[in-house]
Amino acid sequence: MGKLLENLLKIPGYRERLKAWGILLDWEEVVGEELARRTWPVAFAHGRLTLGVADPIWGAALRFEAPKILEALNKAAGEKLFTSIRFVVGKPPAFWKRKARRASPLSPEEEEKAQREAALIEDPELREAFRRWRRVLLQAQKRSGPPPKNKAPSVSGR
């Protein structure tokens with residue numbers, strides 16, 4: 001797993017995307033409850049954040065707030081990681097709506113698993129972003145239950 005992570009971090013832009021998504025996982029904490037209810041991160045690449053908005057009027061109004069949003073995001077990043085915002089009108093994905101519900105707490109074993117996997121990353125900021133991302137995945141697995149086991153299809157004798 002450590003070698004895989006090392007190779008991923010060598011891909012141009014991967015380190016920045018990992019760090020950005022680590023911050024975007026805390027969307028409500030970074031931008032505030034009202035904005036988080038009306039927007040959701042869609043994509044991040046080359047410094048550009050694409051935000052989804054459910055209403056075109058909000059999308060138009062938020063264009064004037066983009067500098068403040070970028071400032072909050074870059075403050076959370078500790079560097080100028082986010083350089084521009086593009087707004088797109090649409091519906092939030094189902095997982096984003098569910099994210100608004102309180103996340104299930106992880107067991108000590110699950111916390112240890114996330115910590116152990118993140119420990120393979122040398123860079124402290126990336127390690128923390130990866131650990132937070134891994135915790136979100138573990139919480140999502142808890143909500144949806146274990147993945148289905150691969151079963152051979154039943155064959156009738158006809």
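Predicted model: local features only at pLDDT ≥ 70, side-chain atom pairs only at ≥ 80, totals over all residues.
**Salt bridges and cores: a short tour**

Arg38 and Glu34 are both in helix H4, 4 residues apart, or about one turn of the helix. As for accessibility, Arg38 is partly exposed, with a relative accessible area of 31%, and Glu34 is partly exposed too, at 45%.

Glu33 and Arg37 meet through their side chains in a salt bridge of 3.6 Å, N to O. They also lie in H4, which covers residues 33-38, and they are 4 residues apart, about one turn. Glu33 counts as partly exposed at 48% relative accessibility, while Arg37, at 55%, counts as exposed.

How many salt bridges does the structure hold? There are 5, and I'd like to show you one more of them. Here the side chains of Lys19 and Glu79 meet, with 2.5 Å from N to O. Why does this pair tie together parts that are 60 residues apart in sequence? Because Lys19 lies in helix H2, residues 14-24, whereas Glu79 lies in the loop between helix H6 (66-77) and strand S3 (84-89). Is Lys19 buried or exposed? Lys19 is buried, with a relative accessible area of 9%.

Now, on to the nonpolar side of things. In soluble globular proteins, nonpolar side chains tend to be buried together. In our model, the largest nonpolar core has 24 residues, and those touching the most other members are Trp27, Leu49, Ile69, Leu73, Phe82 and Ile85. Which elements each supply at least two residues of this core? They are H2, helix H3 (27-31), H4, strand S1 (39-45), strand S2 (48-53), H6 and S3. The largest share comes from H6, with 5 residues.

Setting aside neighbours within four places in sequence, Ile85 is in contact with Leu49, Leu51, Ala66, Ile69 and Leu70. Two of those contacts, Leu49 and Ile69, are on the list of residues that touch the most other core members.

And finally, there is a second, separate core, made of 5 residues, among them Leu18, Ala118, Leu126 and Phe130.

Key. Residues numbered from 1 in each chain as written. Heavy atoms only, no water. Salt bridge = Lys/Arg side-chain N within 4 Å of Asp/Glu carboxyl O. Buried < 20%, exposed > 50% of the residue type's maximum accessible area, 1.4 Å probe, protein only. Core = buried A, V, L, I, M, F, W, Y, C linked by side-chain atoms within 4.5 Å. Contact = heavy atoms within 4.5 Å.
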